[in-house]
Amino acid sequence: QRDPSLRKSGVGNVFIKNLDKSIDNKSLYDTFSVFGNILSCKVATDERNTSKGYGFVHFETQESSDQASIKVNGMLLNDKKVFVGRFMTRKERMETLGHPATRFTNIYVKNFGEAN
């Protein structure tokens, strides 16, 4: 029985990015199941069922998700180095990282001086 409140709490939930396009739900499950009981596992896909390169794994316990994050983060899966971290809601990301539009670091200057 799936409990939506447990999933929304973020406990035991990890986010994986930079996944190879060939990694599907089953291979993601197989990779992470060694760390503990998985409640849900999903690779994000587009309308043509092609991987978007990221996914989510929800473990039964926080300890399992912590172990998975420690062991798999930075590991090569199908020759791609993956990032594994705690799942954060959009609101949490905005509070932690700030809005992307407020973090720009480049500036473009047009018609600056005369060309030689």
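Student: How much confidence does the model carry, and where is the mean pLDDT lowest and highest among the elements?

Tutor: The model is predicted. The mean pLDDT of the protein is 82. Of its residues, 78% reach 70 or more. Helix H1 (residues 4-9) has the lowest mean among the elements, 57. H2 has the highest, 93.

Student: What secondary structure does the protein have, and in which order do the elements run?

Tutor: There are four helices and six strands. Read from the N terminus, they run α-β-α-β-β-α-β-β-β-α.

Student: How do I read the sheet, and what is its strand order?

Tutor: General idea first. Strands of a sheet pair through backbone hydrogen bonds, and the pairing is either parallel or antiparallel. Now this case. Four strands form an open sheet in the order S2-S3-S1-S6, and the pairing is antiparallel. Strand S2 (38-45) and strand S6 (83-86) are the edge strands. Each has a single partner strand, so one side of each lacks a neighbour in the sheet. On average, neighbouring strands are turned by 20° against each other, direction ignored.

Student: How many bridges join S2 to S3, and how many join S1 to S3?

Tutor: S2 and strand S3 (residues 51-59) pair over six bridges.

Student: Which residues of S3 are the bridge partners of valine 43 and threonine 45?

Tutor: Valine 43 has glycine 55 as its partner. Threonine 45 has serine 51. There is also lysine 17, which stands opposite tyrosine 54 in S3.

Student: Which helices pack on the sheet, and at what angles?

Tutor: Take helix H2 (residues 25-32). H2 packs on the sheet and touches strand S1 (13-17), S2, S3 and S6. The direction of H2 makes about 140° with that of S2. Helix H3 (residues 62-72) packs on the sheet as well, touching S1, S3 and S6. Its direction makes about 150° with that of S6.

Student: How do I find the buried side of a helix such as H3, and which residues are buried there?

Tutor: Start with the helical repeat. An α-helix has 3.6 residues a turn, so residues three or four places apart point the same way. In H3 the buried residues are Ser64, Ser65, Ala68, Ser69 and Val72. They cover an arc of only 135° around the axis, which puts them on the same side of H3.

Student: What covers that side, and which exposed residues does the opposite face carry?

Tutor: The cover of the buried residues of H3 includes S1, H2, S3 and S6. The face turned away from the buried side carries the exposed residues Glu63, Ile70 and Lys71.

Student: What does the phi angle tell me, and which asparagines have a positive one?

Tutor: Most residues other than glycine have a negative phi. Asparagine 18 has a positive phi near 70°. Asparagine 78 has one of about 55°. Asparagine 49 has one near 65°, in the hairpin of S2 and S3. That hairpin has five residues between its strands.

Student: Where do asparagine 18 and asparagine 78 lie, and how accessible are they?

Tutor: Asparagine 18 is in the loop between S1 and H2. Its relative accessible area is 36%, so asparagine 18 counts as partly exposed. Asparagine 78 is in the loop between strand S4 (76-77) and strand S5 (80-81). At 45% relative accessibility, asparagine 78 is partly exposed too.

Student: Where is serine 33, and how far is it from valine 57?

Tutor: Serine 33 lies in the loop between H2 and S2. Serine 33 is partly exposed, at 29% relative accessible area. In sequence, serine 33 and valine 57 are 24 residues apart; in space, 9.5 Å, C-alpha to C-alpha.

Student: What do the totals for the whole protein say about burial, surface and contacts?

Tutor: Of the 116 residues, 25% count as buried. The protein exposes about 8,700 Å², and carbon and sulfur atoms supply 51% of that area. Residues 24 or more positions apart account for 58% of them.

Definitions and conventions: Residues numbered from 1 in each chain as written. Predicted model: local features only at pLDDT ≥ 70, side-chain atom pairs only at ≥ 80, totals over all residues. Heavy atoms only, no water. Pairing = 2+ DSSP bridges. Helix = DSSP H or I, 4+ residues; strand = E, 2+ residues; numbered from the N terminus. Axes fitted to C-alpha atoms, helices over the stretch in contact; angles between N-to-C directions. Contact = heavy atoms within 4.5 Å. Buried < 20%, exposed > 50% of the residue type's maximum accessible area, 1.4 Å probe, protein only. Areas by Shrake-Rupley, 256 points an atom, 1.4 Å probe, with all protein chains shown as cover. pLDDT = per-residue confidence, 0-100. Arc of directions from axis to C-beta.
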